[in-house]
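Hi! Have it open beside you while you read, and take the points one at a time.

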Amino acid sequence: MEIIGSRRKLLFIEGEDQSLDKPLYSLLFPDVSVLAKSGCRDVEHAVSGIRGTAALHWLRAFGIVDNDRRTPNDAVRLKGKGVYAVSVYAVESIYYHPEIQNRVVKRHAAVTGEDASARLDAATASALSAIGPHVQRLSERTVEKTLREEMMRKLPRREDIAAANPITISIDVPNAVTAERKRLEDAIAAGNLEEIITRYPVRETPALTRIATDLGFQNREQYEAAVRKLLIDDEEALVFVRTLFGSLVADLAESECGSEIPPLNSPEAVPGIVP
């Protein structure tokens with residue numbers, strides 16, 4: 001039911017219709033129908049379902065999921081199914097990427113007459129301060145998927161079971177969290193907001209609200225609306241954001257080079273009907 005009336009290319013994304021994802025991706029990929037699914041598994045199943053019945057229709061299905069610190073192996077596995085993990089942690093990492101902040105605040109300052117650089121410096125300092133108390137929790141959240149992937153790799157295989165050898169699985173959780181915590185603390189000390197925004201779930205802290213207000217907006221909603229307006233008006237900003245999706249843009253364009261939809265009165269238009 002979701003695809004009735006849709007364009008030939010479908011892009012399934014994580015989130016809800018009212019979430020940040022759908023309006024952003026509709027701007028980035030205007031020639032496709034963007035359909036929201038509640039989670040990564042739902043996106044994967046939707047894309048697989050459409051692609052698995054390719055002989056019955058002319059639709060091309062793709063998917064986008066949050067990175068959530070996926071392992072490279074998992075990202076490659078998903079891409080093989082037509083599902084692309086964005087290179088940053090989540091959609092908020094795009095809205096609040098320092099490059100986007102810089103472009104938005106310059107547009108805003110051109111209207112208000114304020115000092116854009118001063119606004120950016122204040123927002124960065126405020127965001128780093130807001131993240132400080134959450135370092136331990138963010139470090140734990142960031143290594144979560146990596147540790148789970150490591151556990152899955154160590155599960156016994158068929159030949160291991162056949163050999164009937166004892167298997168001991170050990171995961172050094174404290175060391176992984178400690179290493180991640182040091183990386184985050186170093187990024188905070190260096191003022192490297194880009195690494196923090198793109199690598200960690202900062203939406204779970206007050207940092208994003210601090211950034212929006214310190215850049216001169218009333219709240220996050222107003223700032224995020226300004227980002228979408230920026231992408232409508234600024235081609236360079238649009239191109240930059242699209243680079244965060246790897247080969248998806250090229251793959252979407254390449255999907256147009258396939259066979260054309262046959263006329264309705266052609267035998268090829270109805271699978272299984274031969275002249």
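1. **A word to settle before we start.** A residue is called buried when its relative accessible area is under 20%, exposed when that area is over 50%, and partly exposed in between, using a 1.4 Å probe and protein chains only. Helices (H or I, at least four residues) and strands (E, at least two) are DSSP runs, numbered from the N terminus.

2. **What kind of model this is.** It's a predicted model, where local features need pLDDT of at least 70, side-chain atom pairs count only at pLDDT 80 or more, and totals for chains, interfaces and linings use all residues. Residues are numbered from 1 along each chain as its sequence is written, and side-chain values use heavy atoms, with hydrogens and water left out.

3. **The overall picture.** The protein chain has 14 helices and four strands. Of its 275 residues, 42% are buried. Contact here means heavy atoms within 4.5 Å. If you take contacts between residues at least 6 apart in sequence, 68% of them join residues at least 24 apart.

4. **The sheet.** In what order do the four strands sit in the open sheet? The order is β2-β1-β3-β4, and the pairing is parallel. β2 (33-37) and β4 (83-85) are the edge strands, each pairing on one side only. On average, neighbouring strands are turned by 25° against each other, direction ignored. For angles like this one, axes are lines fitted to C-alpha atoms (for helices, over the stretch in contact), and angles run from 0 to 180 degrees between N-to-C directions.

5. **Who pairs with whom.** Strands of a sheet pair through backbone hydrogen bonds, either parallel or antiparallel. Two strands count as paired if DSSP finds at least two bridges between them. β1 and β2 pair in the parallel sense over five bridges; within that pair, L11 has V34 as its bridge partner, and F12 stands opposite L35.

6. **How covered are the strands?** Have a look at β1: six of its six residues are buried. K9, L11 and I13 are on one side, with L10, F12 and E14 on the other, and all are buried. In β2, five of its five residues are buried. S33, L35 and K37 point one way from β2, while V34 and A36 point the other way.

7. Helix α2 (residues 40-51) lies across β1, β2, β3 and β4, running at about 165° to β3.

8. **The α5 and α6 pair.** The axes of α5 (residues 98-112) and α6 (residues 116-131) come within 9 Å and cross at roughly 135°. Angles under 35 degrees count as roughly parallel, over 145 as roughly antiparallel, 65 to 115 as roughly perpendicular and the rest as oblique. α5 and α6 are therefore oblique to each other. Q101, N102, V105, K106 and A109 in α5 meet A116, R119, L120 and A123 in α6. These residues divide into five nonpolar, two polar and two charged. (Ala, Val, Leu, Ile, Met, Phe, Trp, Tyr, Cys and Pro count as nonpolar, Asp, Glu, Lys and Arg as charged, and the others, Gly among them, as polar.)

9. **The α7 and α9 pair.** α7 (residues 135-153) and α9 (residues 173-190) pack at an angle of about 125°, with their axes 8 Å apart. That makes α7 oblique to α9. The residues in this contact divide into nine nonpolar, three polar and four charged.

10. Is V241 buried or exposed? V241 is buried, with a relative accessible area of 1%. You'll find V241 in helix α13 (residues 235-242). Leaving out residues up to four places away in sequence, V241 touches L28, I94, I100 and L231. The C-alpha atoms of V241 and E99 are separated by 9.4 Å, though these residues are 142 apart along the chain.
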